[in-house]
Amino acid sequence: MQTEVFITSEYITLGQFLKFENIIESGGNVKFFLEEIPVYINNERDNRRGRKLYPGDVIVIDEVGEFVIVAE
């Protein structure tokens, strides 16, 4: 089951998303998290913390869950 993540801006970065969803405790942990845990965006692995996520993008994180970005 996908968790919907509502955003009010045009996009959110992967780093902001991880912090917003409380997957990481602080922005300083983003780099280390992305090095250790596989993150898939629209079925492609990505580890760029600045990757822009737009409405409709699907993020899958092993052992965490599946998320979809939705515009408010």
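Two strands are said to pair if DSSP finds at least two bridges between them. Helices (H or I, at least four residues) and strands (E, at least two) are DSSP runs, numbered from the N terminus. This is a predicted model, in which local features need pLDDT of at least 70 and side-chain atom pairs count only at pLDDT 80 or more, while totals for chains, interfaces and linings use all residues. Residues are numbered from 1 along each chain as its sequence is written, and side-chain values use heavy atoms, with hydrogens and water left out.

Strand S3, residues 39-41, runs antiparallel to S4, and 2 bridges join them. Within this pairing, Ile-41 stands opposite Glu-44 in S4. The strands belong to an open sheet of 5 strands with mixed pairing, in the order S1-S7-S6-S3-S4. Strands S1 (2-7) and S4 (44-45) each have a single partner strand, so one side of each is left without a neighbour in the sheet.

I turn now to the salt bridges, defined as a side-chain nitrogen of Lys or Arg within 4 Å of a carboxyl oxygen of Asp or Glu. The structure holds 2 of these salt bridges. Asp-46 forms one with Arg-48, the closest N and O atoms being 2.8 Å apart; Arg-51 forms one with Asp-46, at 2.6 Å between the closest N and O atoms. Through shared partners, Asp-46, Arg-48 and Arg-51 are joined into one network.

Which of these residues are buried (under 20% relative accessible area, with exposed over 50% and partly exposed in between; 1.4 Å probe, protein chains only)? Both Arg-51 and Asp-46 are buried, whereas Arg-48 is partly exposed, with a relative accessible area of 48%.
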